[in-house]
Structures are given as structure tokens and as C-alpha cells.
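Open the model in your viewer and switch to a cartoon view.

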Amino acid sequence: MRATRRLFEYWLTGQELGIKFRRTDIDPSAIAEILPFIILGDIEADPFRVRFRLVGTSVVEFSRLDFSGKYLDELKYDARDSVDWRDCYRYVHTERQPIIGNNEISFVDGKVSIYEFSILPLWRDDDPAGSFIASEAYEGFDRLHIPDLEPVEQRPR
């Protein structure tokens, strides 16, 4: 099962039960099979910034960078990703709604492939979308091709 769909089902079940999910309410054992594809973070409203708290091992492997503890604006991903991640996180924060979409990812040789992603809002303090849990579904990718992917890089300071 795609990580994005599994995470959405887990989140939606909580919503239907009236759970106001916070990061601390996530039960890792309930989504153990997709933990390598998970990203946890916070969305800061003013100024708008996205901070990645925890990045799953498969996300690190495919990004070729562990961006745990980094802010989105500190990362350079435009050589590889078709999605404007800032717009996605702004939508989740402003609308307080989840987003599921596709990202076209570019390889060094110019080939393009697609993976599915999800970003789901979580409560933080009084903000119903001040945190998030996200997933990226790389299940169909051959790990041998990771070196052929454009890496996510940290922007120079």
C-alpha cells in the first residue's frame, strides 16, 4: 500500500473519531510499515516558515540529505522537484486541510519519474495546522537508481 494512502487513512480515522491530532498523538506502531517515508515538522505563521523535525530514512535516502532540523527555505530542491513545497505547506496551513499530490522528480540524465506525497495538518498549541505529518511514496523506485537522482542540497548561508 502506498505510504501516502496509508497515512491518510490513519489520519482520517482519527479525524472521524474526533481526535485533534498533535505530533504527540501519532502512534508509531499504528503506521510502523510506513515510518521510513514519514516527515514530521512545524509550520510557523509569521514569518511563514516550515521546519522539518524528523525525516524518515527512505526520505533521507532519496533526498540524499538528512534535512531534519532544517527549514524549507534552507533547502535547494528545484533542480529535482516539480512541486513548489512552500505553496503546499502554505495551503495546508491556511486551509487547515490535507493535500495529496504527485511530484515529478528529475534524474541527472534528464529522465523524470513521479511519486505521490501527502501533507496532513496537525495541531500545535492553538493552531490546528501548526504542525504536520507528511509522507512520500517511493515504493516503486529502484534503490540502485538513487545516485542518478538530483540531490536535495542545503542552500549556502
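The tour goes from the sheet to the helices and then to the core. Keep in mind that this is a predicted model.

**Stop 1: the sheet.** Colour the strands. You have an open sheet of five strands, in the order E2-E1-E6-E5-E4, with antiparallel pairing. Now select 49-55 and 99-106. These are strands E2 and E4, at the edges; each has a single partner strand, so one side of each is left without a neighbour in the sheet. Neighbouring strands are turned by 30° against each other on average, direction ignored.

**Stop 2: E1 and E6.** Select residues 38-44 and residues 127-137. Strands E1 and E6 pair here in the antiparallel sense, over five bridges.

**Stop 3: E5 and E6.** Show Pro-121 and, opposite in E6, Phe-132. Two residues lie between the strands, and Asp-125 takes a positive phi near 55°.

**Stop 4: E4 and E5.** E4 and E5 run antiparallel and are joined by eight bridges. Ile-105 stands opposite Ser-113 in E5. The hairpin of E4 and E5 has five residues between the strands. Which residue of this hairpin takes a positive phi near 95°? Select Gly-110.

**Stop 5: the helices.** Select residues 3-16. Next, select residues 85-95 for helix H3. H3 lies across E1, E2, E4, E5 and E6, at about 35° to E5.

**Stop 6: the core.** Show side chains. In soluble globular proteins, nonpolar side chains tend to be buried together. The largest nonpolar core in this model has 45 residues. Select Phe-52, Trp-85, Tyr-89, Ile-119, Phe-132 and Ile-133, the residues with the most contacts inside this core. Where does the core draw its residues from? H1, E1, E2, helix H2 (57-63), H3, E4, E5 and E6 each supply at least two. The largest share, five residues, comes from E5.

**Stop 7: Phe-52.** Centre on Phe-52 and show what it touches beyond four places in sequence. Among its contacts are Ile-39, Leu-40 and Gly-41. Phe-67, Leu-72 and Leu-75 also touch Phe-52. So do Tyr-89 and Phe-132, which are themselves on the list of residues with the most contacts inside the core.

Definitions and conventions. Residues are numbered from 1 along each chain as its sequence is written. This is a predicted model: local features need pLDDT of at least 70, side-chain atom pairs count only at pLDDT 80 or more; totals for chains, interfaces and linings use all residues. Side-chain values use heavy atoms; hydrogens and water are left out. Two strands pair if DSSP finds at least two bridges between them. Helices (H or I, at least four residues) and strands (E, at least two) are DSSP runs, numbered from the N terminus. Axes are lines fitted to C-alpha atoms, for helices over the stretch in contact, and angles run from 0 to 180 degrees between N-to-C directions. Contact means heavy atoms within 4.5 Å. A nonpolar core is a set of buried Ala, Val, Leu, Ile, Met, Phe, Trp, Tyr and Cys residues joined through side-chain atoms within 4.5 Å. Buried means under 20% relative accessible area, exposed over 50%, partly exposed in between (1.4 Å probe, protein chains only).
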